[in-house]
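Let's take a friendly walk through a protein chain. Have a look at the model below, and keep it in view while you read.

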Amino acid sequence: MADRPGAAPRAWQRMLSGRRLDLVDPSPLDIEIADIAHGLARVARWNGQTVGDHAFSVAQHALLVEVLVRRMRPGCDRRTLMGALLHDAPEYVIGDMISPFKAVLGSGYKQVEHRLLAAVHLRFGLPAELPVAVTRLIKRADLASAYLEATRLAGFAEPEARTLFGVPRGIDPDLPEIAGLLVPCPAGEVQTRFLARFAELDAVG
């Protein structure tokens with residue numbers, strides 16, 4: 001919705017919870033997990049260019065990345081798993097822009113994304129910036145998820161996906177907990193699953 005002519009540009013978004021999140025200076029106090037889950041379950045990965053009757057959402061991708069982190073590093077702590085689940089949380093506000101478009105936008109997009117993620121981390125008991133080793137592990141799982149999504153949902157041939165994302169090592173995509181997350185599900189179902197996994201991890205803390 002456009003702002004009134006002559007009015008100062010609005011830099012906040014109203015959430016269903018009633019919170020108003022400032023995109024320039026986001027406060028952890030204005031972040032609610034219900035808003036994140038609702039938004040991410042309705043944001044499509046791959047600009048919606050995936051097979052199936054439902055969009056493959058960012059929330060479903062986040063669940064998959066968290067599973068892959070557990071597979072890659074058995075026994076990792078709650079902080080790492082929560083970081084994995086929330087690694088794309090800013091997209092509940094700014095949407096999921098494909099990598100080529102992020103490159104066009106340049107550093108401005110990354111700055112907004114970084115500020116939002118730091119606020120999300122602080123809201124849920126994580127450091128504003130995760131340790132480098134944790135960030136690298138989550139990135140590995142993120143790329144593995146991208147490879148699986150690309151080849152199973154987004155129509156990429158395996159050679160092209162290998163060039164763009166690398167090949168997941170030590171991951172069996174046919175394991176039920178992985179294969180099940182590569183079937184696009186209705187938004188409401190994914191939202192419920194995301195909230196349930198968050199609650200499990202939050203209880204550990």
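## A tour of the fold

Tyrosine 109 is buried, since its relative accessible area is 9% and the cut-off for buried is under 20%. Keep in mind that the model you see is predicted. Tyrosine 109 sits in helix H6.

Is histidine 121 buried or exposed? Histidine 121 is buried, because its relative accessible area is 3% and anything under 20% counts as buried. The side chain of histidine 121 reaches the backbone oxygen of alanine 128, at a distance of 3.0 Å. If you set aside the neighbours within four places in sequence, histidine 121 is in contact with Leu126, Pro127, Ala128, Glu129 and Leu130.

Now step back to the whole chain. The protein chain has 10 helices and two strands. Read from the N terminus, the order is β-β-α-α-α-α-α-α-α-α-α-α. The chain has 205 residues, and 44% of them count as buried. Its accessible surface comes to about 10600 Å², with 56% belonging to carbon and sulfur atoms. Take the contacts between residues at least 6 apart in sequence: 66% of these join residues at least 24 apart.

Where does leucine 81 lie? Leucine 81 is part of helix H3, which covers residues 78–85. Leucine 81 and leucine 201 are 120 residues apart in sequence, yet 7.5 Å apart in space from C-alpha to C-alpha. Leucine 201 is also among the contacts of leucine 81: beyond the neighbours within four places in sequence, these are Glu66, Val69, Arg70, Cys76, Arg197 and Leu201. Leucine 81 is buried, with a relative accessible area of 8%.

| Residue | Relative accessible area |
|---|---|
| Histidine 121 | 3% |
| Leucine 81 | 8% |
| Tyrosine 109 | 9% |
| Tryptophan 46 | 17% |

Tryptophan 46 is found in the loop between H1 and helix H2 (58–72). Its phi angle is near 60°, a positive value in a residue other than glycine. Asparagine 47 belongs to the loop between H1 and H2 too. The phi of asparagine 47 is near 55°, again positive in a residue that is not glycine.

The last stop is a pair of helices. At what angle do H1 and H10 pack? Helix H1 (residues 33–40) and helix H10 (residues 187–204) pack at about 145°, and their axes are 9 Å apart. The crossing of H1 past H10 is right-handed. On the H1 side, the contact is made by Ile33, Ala34, Ile36, Ala37, His38 and Leu40, while H10 brings in Gln191, Phe194, Leu195 and Phe198. Sorted by class, this contact of H1 with H10 has eight nonpolar residues, two polar ones and no charged ones.

Terms used: Residues numbered from 1 in each chain as written. Predicted model: local features only at pLDDT ≥ 70, side-chain atom pairs only at ≥ 80, totals over all residues. Heavy atoms only, no water. Axes fitted to C-alpha atoms, helices over the stretch in contact; angles between N-to-C directions. Helix = DSSP H or I, 4+ residues; strand = E, 2+ residues; numbered from the N terminus. Left-handed = near helix turned anticlockwise from the far one by under 90°. Contact = heavy atoms within 4.5 Å. Nonpolar A, V, L, I, M, F, W, Y, C, P; charged D, E, K, R; others polar. Buried < 20%, exposed > 50% of the residue type's maximum accessible area, 1.4 Å probe, protein only. Areas by Shrake-Rupley, 256 points an atom, 1.4 Å probe, with all protein chains shown as cover. Polar contact = N/O pair within 3.5 Å; in protein donor to acceptor, adjacent residues only side chain to side chain.
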